[in-house]
Amino acid sequence: MDHITFGQLPAIRITAPDGATAVVTLYGAHLVSWHGADGGERLFLSARSALDGSRAIRGGVPVIFPQFAERGDGMRHGFARVSTWRLEDSGVEDGAAWAVFGLNEADLPPAMAGAWPHRFALQLRVAVRANELIMALNVRNTGDAAFPFAAALHSYHLVPHLADVRIEGLEAGTLSIADKLDVVYEQVDDTIFLGTWARVLTLEQEGFSDAVVWNPGAADTAALPDMEDEEYQRFVCIEPAQLTPVQLEPGAAWEGRYRVS
Ligand SMILES: O=P(O)(O)OC[C@H]1O[C@@H](O)[C@H](O)[C@@H](O)[C@@H]1O
């Protein structure tokens, strides 16, 4: 495990014995880079992304919590992606390098904590080995009143070209993307396959009940300050998500797991 700087952000790089690597910034516990053991970046990161903590990183895997998009009256996509997490632990086990990041209410600036006044402990575990990425988001209620939350791992998968993308497992037949797409699939139980001419990725999720597929398309990308006009052709977001809020009782925990291989 190495402490590095990514853009202007403190970050942790983990490296598995077989050479697979992941880089996670403490800002957002944001996975900004993943290389499989066969080399090559697997995640999209916009050339125009802020990397100084002034706004959410555009690309990688933002952690969405406790609100998805504008489904609530809190911050769009929640505060987790714009909060500074702590590295809690790291190691190497069964050939995988792993790190765990933590966030609780005491880590938030007072105004942010006041806007969502609950006691909680989030843990994000990231592990890599061979051509496999495993992430787990754990949410614990450490307070004495129940709270509702939504969550997602907003994965920006790097693709050679949007036109080559074929997604299976979400609808009958194959989903391809011509331009803007923003679709919620509820109650996703099956494995999802993301195919391009280069490779087929297997996406498996547990605990997260839903999946969101998003690409902004040409017009919305032009309006985004943190994306180059053509960059929408280089990724597709397939996000394991828990959109129906979970009501978490005091002392209880919820976990969502995600495996990409
Ligand atoms: O620009 P943001 O806040 O990162 O959101 C990006 C997108 O995130 C997706 O998950 C949503 O479905 C989209 O509606 C949204 O536009």
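The radius of gyration used here is taken over C-alpha atoms, and the globule rule it is compared with is 2.2 Å times the number of residues to the power 0.38. For 261 residues a compact globule would have a radius of gyration near 18 Å, and the chain agrees with this, because its own value is 17 Å. This is a predicted model, in which local features need pLDDT of at least 70 and side-chain atom pairs count only at pLDDT 80 or more, while totals for chains, interfaces and linings use all residues. Residues are numbered from 1 along each chain as its sequence is written.

Along its principal axes the C-alpha trace spans about 50 × 40 × 35 Å. Of the 261 residues, 42% count as buried, that is, with 20 or more other C-beta atoms, placed from the backbone, within 10 Å of their own.

The chain holds two helices and 18 strands, which are DSSP runs numbered from the N terminus (H or I, at least four residues, for helices; E, at least two, for strands). Eight of the strands make an open antiparallel sheet in the order β6-β7-β8-β9-β18-β15-β14-β12, where two strands pair if DSSP finds at least two bridges between them. Because β6 (86–93) and β12 (166–168) stand at the edges with a single partner strand each, one side of each is left without a neighbour in the sheet. Within this sheet, β7 (residues 96–104) and β8 (residues 120–129) pair in the antiparallel sense over eight bridges, and A99 has V126 in β8 as its bridge partner.

The ligand is surrounded by A56, A69, R76, H77, H154, D182, V212, W214 and E239, each with its C-beta atom, placed from the backbone, within 6 Å of it.

Conventions
Buried ≥ 20, exposed ≤ 12 C-beta atoms within 10 Å, placed from the backbone.
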